[in-house]
Amino acid sequence: MSTVSRDTMMLTTPFHSRVEAMCDLNDWGNWMGYTTPNAYFDVELEYFAVRSTTGVFDLSPMNKYRISGPDASRYMDRLVTRDVSKIGIDRVGYAIWCNDAGQVLDDGTIFRFAENEFRLCSYQRADDWLAWNTLGFDVSVENVSESIAALAVQGPTSCTILTLLGCENLNQLKPFGMAHYTFEGHPLMVSRTGFTGDLGYEVWVPPETAEALWDRLFELGHEYLIKPFGSHALELARIEAGFLQAHVDFLPAEDVVRVGRTRSPFELGLGWLVHFSKPLFNGRSALLKEQEQGSRYRFALLDVAGNKPAEHSFIMKDGKVVGTVTSAAWCPTAKSNLAYAQIEMPHGAVGDELVAEIYYQRELHWTQLYAPCKVIDGPIFQPARRRQTPAPPQ
Amino acid sequence: MNQYDAIVIGAGHNGLTNGAYLAKAGLKVAVLERNPYIGGATVSRELHKGWYYSNCSYVSSLLRPEITRDLELPRHGLQVVPFGGGATFMRNGDHFGNYADHDRHYREIARHSKRDANAYDRYSADTSLQTKLIRPYLMRTPPDPTSLKPRDLRDLLEFAQSFMALGEEKLLDTIKFWTASVGDYLNEYFETDVIKAHMAGSGIIGTALGVYSPGTAYVLLHHYMGDVDGNVGAWGFARGGMGAIAEALSKAFMSFGGEIICDANVDKIIVKNGKAVGVALKDGTEYRAPIVVSNLDPKRTFLDITDPKDLPTDVVRKAENFKIRGSSGKLNIALDGLPVFNGLDPRNRLMAGDLHFSDSLERQERAYDDWKAGTWSKDPYLDMMIPSLTDPTMAPPGKHMMSVFVQYAPPKVEGKDWTDEDKDGFEKSVIDQISNYSPNFRDLILHCETRTPREIEAEVGLTEGNIFMGELTFDQLLFNRPFPGYAQYRSPIKGMYMCSSGTHPGGGVMAAPGANAAREILRDLKRPNTVPGGYADD
């Protein structure tokens, strides 16, 4: 009898044999209980693969739910704050969902396969909340996380590589569109989605074809300089692109213990995802009230002076602390020093000038820095290829 | 000379803590103990050569870290080692294991229900909120809600503010939590029997209530509000058994000049002109002191060692009505080796934690039904530990010590006193249940100490064998513990105080009642306070 069984080790994804083979640095992290690479060979070079060639990221641990049945559409509309009827078939929509107090539980993407068939991808596990929401609806919610393997294929040459794989006319696919193909006799779905803010796709296959897909992609992509990228490079890319990360930029409301630490969509700059035209959705009355009475916080993108990332900084106005930074990075492509901050109202409006209190250490010596910063209305990194259709060939 | 500044009756952990803080303030203190050994219910006893039994309390989490640090208990030999693991073995041959790692734990729950695995995070967050509310009050004297003294008003206001700050919804959740049954509370989160049953155990341990009795959700919290090195809710073993806690406290006490007198069985507190002046032992010896502190439970304090004639009638009535029902018994077993349960490798890490066999709330409720009918449970709820998997000093190498907390056991069997035959029947129901899951268990037993409420009351002095010295329901908590109007450690008799688990914040090896009582005594003596304040929770 062995005292330690393999059962106590972390899970691995369907791509793991290939990921492990390419992970030169042997630098692993834990994502939802899965062994995932923090970095493969060089975080900066991995990041630049996304921005100038193609980077591949294994997103299989993402939570995926199949939502189907006669009431699926009505169910989704009650669940999320945005109007799901505006998401067409074979289209994808970014969405958030709230509790009755109008506080954000999570964000994710809704894939619409048919009038009443959806896939919800969420950062958090949502089995419990989704199940509670089914009461009264003729709908089935199935956790399909383990039956779908997925890769993010992101970067300027990504369309070319996937076209070589057999995704015909992929360059015609609009942002947030879905297209269906077959790969080695199995269904393969491509969505023009991603978490990097660049031209890019996500490829969804049954787990049994995962290894073959990886091998073929890297074979075909070789000349187009395809590279794998890990969580650290993704983090850099997503901050540069202006995307929020659950558990970093906000806490899912049901995980929060302390009073006042949850956030509403308005407080996260996501008011555009709240559609009051719908008569009922979770959080509607609380959000209406907040809209009338005002929010406690404002989500602000800060352009920070200097080149020191404002990680965990206090944000000051006239010498008084008015907020804190949740994410910050020097953005290598935009050549900007970006920070996301939660700022107490009424501060933090676009154009507002604030100060970030930055501490950094060099050779055990700490330096305190007061860096001026300005609230901007969107990320500086906005490449045209992200939205162009047809997708440019490079 | 039998003259002291203060006499503490009972050398359990609260009596020793109380004595230590009084002695630290410069008082000449004696702690009197009726047994030939100290510790009360916080003991390690070598009842089978080479095996040490924590034969009453058996795990540590609630012991206040402020006291451990302030009295330098580590320097006096105390080491608390956390344990992981734990499992509920199921009738179908499977088990539910408890893992410290969040992702590993998720997978284990998901093996039974993905929905429950997901809901566990919500359960944890909601339960943490409740522990955060109560923890700041552990090292404080409860405010008297009827008092107009500035201190009471200030504390009450602070208490009210922390509740009002919750906002309407969480405030209502909190009120519900404090009055709900643990079964109903868990049903709001989980769908799987074994998961609910595994967690519900903490809601009934030491309590003569069932999983569906209102008030048991709080009992669950009482088991979650402690910590080991800041890990709230974690539990550990005192190295050398629970007696190591009493030993360290006694050394701290003696380092301040305190004196422990064993075999000193107190008969009465001597009261003259409405003031306590000392105690008389059953053998006639008298000890004199202007301060007398009782570490006995409220019933023994006011109905046994105090002459009711010296007390206001309503206090006698409150003591008589104090709810301190026996509900549990214990088996302490020396084992020749490790038993195998449901085929699980006995070296599996789960075995180092708390092990159970009740795999549904229904079985737990049925076990309580037997108690109500006046007998021990035929299918008891067990909280079973093998401390020798964590602490090598408890048994010889390769051998093991097993502590089996058993619920339910009534204080009287169908209205009559326990007999030796009853005790054998009780023991059999426990051994039979364990054997149902472990074919090799019975053959490994080298020695077994069985304690029904009868033995616990007779040997330890806990009325009815109630381990918490009074039930932990809202009617007996905070400013209601032990009774309304007497929750600030003072008795109606001048110079006489209470410091037992029957006072706020209640039972478990916490030492907070002893410390809180010392602070009040020093306040009355107008002496500088020696008792540390509570650590701030973030």
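Trainee: Hi! Which domains is chain B divided into?

Mentor: Hello! Keep in mind that this is a predicted model. Chain B splits into domain 1 (6-43 + 56-81 + 241-323 + 467-524), domain 2 (114-234) and domain 3 (328-408 + 410-451).

Trainee: And how many residues do domain 1 and domain 2 of chain B put into their contact?

Mentor: Domain 1 of chain B brings 27 residues and domain 2 of chain B brings 22 residues. On the domain 1 side, the elements giving two or more residues are helix H2 (65-70) and helix H17 (512-524) of chain B. H17(B) gives the most there, with 5 residues.

Trainee: What classes of residue are on that side of domain 1 of chain B?

Mentor: The side of domain 1 of chain B that touches domain 2 of chain B has 14 nonpolar, 8 polar and 5 charged residues.

Trainee: Switching topic: what about helix H10 of chain B, how many residues has it?

Mentor: H10(B) covers residues 243-255, which is 13 residues. From first C-alpha to last it reaches 18 Å, close to the 18 Å expected at 1.5 Å a residue.

Trainee: Why is H10(B) largely enclosed by the rest of the structure?

Mentor: Because 10 of the 13 residues of H10(B) are buried. Among them are B:Ile245, B:Leu249 and B:Phe253.

Trainee: What covers the buried residues of H10(B)?

Mentor: The cover includes helix H1 (13-24), strand E2 (29-32), strand E10 (236-238) and strand E11 (259-261) of chain B. Just after H10(B), look for B:Gly257, with a positive phi of about 95°.

Trainee: Which residues touch the most other members of the largest nonpolar core?

Mentor: That core has 160 residues, and those touching the most other members are B:Ala6, B:Ile7, B:Ile245, B:Leu249 and B:Val293. H10(B) gives the most to this core, with 7 residues. In soluble globular proteins, nonpolar side chains tend to be buried together.

Trainee: Last one! How many residues of chain B are in contact with chain A?

Mentor: 21 residues of chain B are in contact with 18 residues of chain A. On the chain B side, the largest share, 10 residues, comes from H4(B). By class, the side of chain B that touches chain A has 6 nonpolar, 3 polar and 12 charged residues.

Key. Residues are numbered from 1 along each chain as its sequence is written. Chains are lettered from A and ligands numbered from 1 in the order in which they are written. This is a predicted model: local features need pLDDT of at least 70, side-chain atom pairs count only at pLDDT 80 or more; totals for chains, interfaces and linings use all residues. Domain bounds come from an automatic or database domain assignment. Two residues are in contact if their C-beta atoms, placed from the backbone, lie within 7 Å. Helices (H or I, at least four residues) and strands (E, at least two) are DSSP runs, numbered from the N terminus. Ala, Val, Leu, Ile, Met, Phe, Trp, Tyr, Cys and Pro count as nonpolar, Asp, Glu, Lys and Arg as charged, and the others, Gly among them, as polar. The expected span of a helix is 1.5 Å times one less than its number of residues. A residue is buried if 20 or more other C-beta atoms lie within 10 Å of its own, exposed if 12 or fewer, and partly exposed in between; C-beta atoms are placed from the backbone. A nonpolar core is a set of buried Ala, Val, Leu, Ile, Met, Phe, Trp, Tyr and Cys residues joined through C-beta atoms within 7 Å.
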